Amino acid sequence: MLAARVVMDQGVQVEGINFYTGFCVEGHTHAIRKQDADRPKRNNALWVAELLRIRLHILDVVEEYKDVVLNPAHGYGANLNPCLDCKVFMVRKALQWMHGQGFDFIITGEVIGQRPMSQRRETLPVVARESGAEDRLLRPLCARLLPESLPEREGWVDRNRLLDFNGRSRKPQMALAARLGIRDYAQPAGGCCFLTDRSYSAKLADLWRSRGERRYELDDIMLLKVGRHLRPRPHFKLIVAREEGEGRFLEGYRHQFTHLQTVSHGGPLVLVDGRCDAEDLRLAARVAARYSQGRDAEHVEVEVGRPGGGSYALKVRPLAAEDVPPDWHI
Ligand code: SF4
């Protein structure tokens, strides 16, 4: 937002690009969880574009992005976040778009030293070089600490009116926002990508391990964002809705998964991912009962629904807390 304003204030026409990778936090988690009901249900990129009065182009890169996640040449960050390869990919895509639309250069909001992996002094040139953008990539918020870019040399933007932000502190950005009259903005460092999340990355790694190969589809990575994930046996896992909003979201997957619902007591919807025999399903039903209001009851009745339709009932004893070993929790 700030980078765009700094350049727009020099009379440059700016349009925005937002990449949809499938790992985005916004527009998903906050939208479905009931406990997040107070948060604004908005796509921050669209909202920012609206505030800036610029056009925004949302590019769905789910398929192409898989290669970035599965084979990052520069490796992962603290979790399964391939930040450097991701930046290279996004700037490369932006460059293609730029050429196709007749624009002249790309700006990003990057700041030297703001992120440990992709925004170090040594890695900023890597993004410019490997994306092919080279000196058509301008970082207005720290440009004065970097070599001159093409837009500066050509006089399209005045280097003296660009900035020299550096480091992790967001105070200079907040001060600039205040100077520009921007009072409402998305939380800085609010975590916009699930790949930086430790628990999400553990679930993704578990998915690959259980399949014996590293691949995913969009539904796989959406489901990793929702519910409590337990793997009682190597060949199946359970996704247990933690609250009403998640339950409603998981309802949409009932036609694809065997699913469990307690009927004698209130309880969450549980999806079963994997191939299960009757004994496995009995165990799964006991887990479902454990997370229901009948957890202390002698018996709980659980309906087992088949993905293609049809169901049957099981009467099970709920698992006790001590019967759910910590290593079942992914
Ligand atoms: S946090 Fe996610 S979207 Fe952002 S650079 Fe890293 S991998 Fe890409």
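Visitor: In strand 6, which residue is the bridge partner of Arg233?
Guide: In this predicted model, strand 5 and strand 6 (residues 236-240) pair in the antiparallel sense over four bridges. Within strand 6, the residue bridged to Arg233 is Phe236.

Visitor: In what order do the six strands of the open sheet lie?
Guide: The pairing in this sheet is antiparallel. Strand 5 (228-233) and strand 10 (311-316) are the edge strands, each pairing on one side only. From one strand to the next the twist averages 25°. The order of the six strands is 5-6-8-7-9-10.

Visitor: Which helix packs on the sheet, and what angle does its direction make with that of strand 10?
Guide: The helix that packs on the sheet is helix 12 (residues 278-290). Helix 12 touches strand 5, strand 6, strand 7 (258-262), strand 8 (270-274), strand 9 (300-305) and strand 10. The angle between the direction of helix 12 and that of strand 10 is about 70°.

Visitor: How many residues in the contact of helix 4 with helix 5 are charged?
Guide: Helix 4 contributes Glu64, Tyr65 and Val68, while helix 5 contributes Asp85, Cys86, Phe89, Met90 and Lys93. Five of the contact residues are nonpolar and none is polar. The number of charged residues is three.

Visitor: What is the relation of helix 5 to helix 6?
Guide: The axes of helix 5 and helix 6 (residues 124-131) come within 8 Å and cross at roughly 45°. The crossing is right-handed. Because of that angle, the relation of helix 5 to helix 6 is classed as oblique.

Visitor: How many nonpolar residues does the contact of helix 5 with helix 6 have?
Guide: On helix 5 the contact is made by Leu84, Lys87, Val88, Val91, Arg92 and Leu95, and on helix 6 by Val126, Val127, Glu130 and Ser131. One residue of this contact is polar and three are charged. The nonpolar residues number six.

Visitor: How far apart are the C-alpha centres of domain 1 and domain 2?
Guide: The protein chain is divided into domain 1 (2-194) and domain 2 (226-328). The distance between their C-alpha centres is 41 Å.

Terms used. Residues numbered from 1 in each chain as written. Predicted model: local features only at pLDDT ≥ 70, side-chain atom pairs only at ≥ 80, totals over all residues. Heavy atoms only, no water. Contact = heavy atoms within 4.5 Å. Helix = DSSP H or I, 4+ residues; strand = E, 2+ residues; numbered from the N terminus. Nonpolar A, V, L, I, M, F, W, Y, C, P; charged D, E, K, R; others polar. Domains from an automatic or database assignment. Pairing = 2+ DSSP bridges. Axes fitted to C-alpha atoms, helices over the stretch in contact; angles between N-to-C directions. Parallel < 35°, antiparallel > 145°, perpendicular 65-115°, else oblique. Left-handed = near helix turned anticlockwise from the far one by under 90°.
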